Amino acid sequence: MATLSDLSLKDRLWYHQYRFRPVEPLPWQASGPPPPRARVAVVTTAGVHLPSDPPFEKVKGGDFSFRYIPADTPPGSLVCTHPSGAWDRSGVTTDMNVALPLHRLREMREGGEIGEVAPRHASFQGSITAPMRLLRQTAPEVAQGLADDGVDVVILTPV
Amino acid sequence: MGLIAGAIEERGIRTVCLSTFEPIMERVRPPRWLSLPFPMGFPLGLPHEAGTQRRILRQALRMVEAPGPGPVRVAFEPERDPS
């Protein structure tokens, strides 16, 4: 578990000054199929994507765009263009399952632990300090895309 | 990440965040989060540790059956499930 002391001085100062927006009022989806019958997707903020997609950009307030990642993406085929230096990206570049566990989900589907792996997954970059366009535009767009795909459960992997 | 979880849950899909940095989760408070003993950048642990990755996913998936209201926080138990 990382703690504040793991952050650089610059990142600690940012943490203490930034007004984090709580999820309020808290939405709560109570019902849905149990995991063995659920279609599962992953949404990460690791800033990974296919090499054919445009990179995430280092822009003021943070790049609020996203990239879809197909379920059949083979190991070793993603690139990471997350601009923040606050975290160690060696894990996600060595093994994409560290942030996007598609191979583990596929095994769990074969073992009957989940119903299905969703056809597509989504990647954002984190470190978005001006989140209004994320909140109003791209997060609802991804939510709608996942709903259109019949997704029942989403695992989110912040880095 | 918490805000994205909120938007997805709002759309009627259950969400579980994997957390390696508790200070932010405590401030953002998404619907459900699993607290993990790993450094930032490693939400499913060290590379190529498939057993740990499966245990994390199993415990996260179990959380969608927890009764509300949220937010619901659970600490990862490394020895709880078979790999």
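Helices here are DSSP runs of at least four residues and strands are runs of at least two, both numbered from the N terminus. The model is a predicted one, and in it the peptide bond running from Glu24(A) to Pro25(A) comes out cis, with omega near -15°. Chain B has a cis bond as well, from Gly70(B) to Pro71(B), with omega near 0°. Pro71(B) belongs to the loop between H3 and strand S3 (72-75) of chain B. Most peptide bonds are trans, and most residues other than glycine have a negative phi. On the phi side, Arg29(B) is worth a look: its value is positive, near 50°, although the residue is not a glycine. Arg29(B) is placed in the loop between H2 and strand S2 (32-35) of chain B.

As for confidence, the predictor assigns the complex an ipTM of 0.96 and a pTM of 0.92. Chain B has an average pLDDT of 93, and 99% of the residues score at least 70.

Turning to how the chains meet, the contact draws 56 residues from chain A and 53 residues from chain B. On the chain B side, at least two residues each come from H1, strand S1 (14-19), helix H2 (22-28) and helix H3 (50-62). H1(B) gives the most, with nine residues. Sorted by class, this side of chain B holds 32 nonpolar, eleven polar and ten charged residues.

Part of that contact is a helix pair. Two packed helices are described by the angle between their axes and the distance between the axes. For helix H4 (residues 132-148) of chain A and helix H1 (residues 2-10) of chain B, the axes come within 8 Å and cross at roughly 50°. H4(A) is therefore oblique to H1(B), and the crossing is right-handed. From H4(A), the residues that meet H1(B) are Leu134(A), Leu135(A), Ala139(A), Pro140(A), Ala143(A) and Leu146(A); their partners in H1(B) are Leu3(B), Ile4(B), Ala7(B), Ile8(B) and Glu10(B). By class, this helix contact counts ten nonpolar residues, no polar ones and one charged residue.

Strands link the chains too. Strand S7 (residues 153-157) of chain A is joined to S1(B) by four bridges, and the two strands run parallel. Within this pairing, Ile155(A) stands opposite Val16(B) in S1(B).

Note on methods. Residues are numbered from 1 along each chain as its sequence is written. Chains are lettered from A and ligands numbered from 1 in the order in which they are written. This is a predicted model: local features need pLDDT of at least 70, side-chain atom pairs count only at pLDDT 80 or more; totals for chains, interfaces and linings use all residues. Axes are lines fitted to C-alpha atoms, for helices over the stretch in contact, and angles run from 0 to 180 degrees between N-to-C directions. Angles under 35 degrees count as roughly parallel, over 145 as roughly antiparallel, 65 to 115 as roughly perpendicular and the rest as oblique. A crossing is left-handed if the near helix is turned anticlockwise from the far one by less than a right angle, and right-handed if clockwise. Two residues are in contact if their C-beta atoms, placed from the backbone, lie within 7 Å. Ala, Val, Leu, Ile, Met, Phe, Trp, Tyr, Cys and Pro count as nonpolar, Asp, Glu, Lys and Arg as charged, and the others, Gly among them, as polar. Two strands pair if DSSP finds at least two bridges between them. pLDDT is the predictor's confidence in each residue, from 0 to 100.
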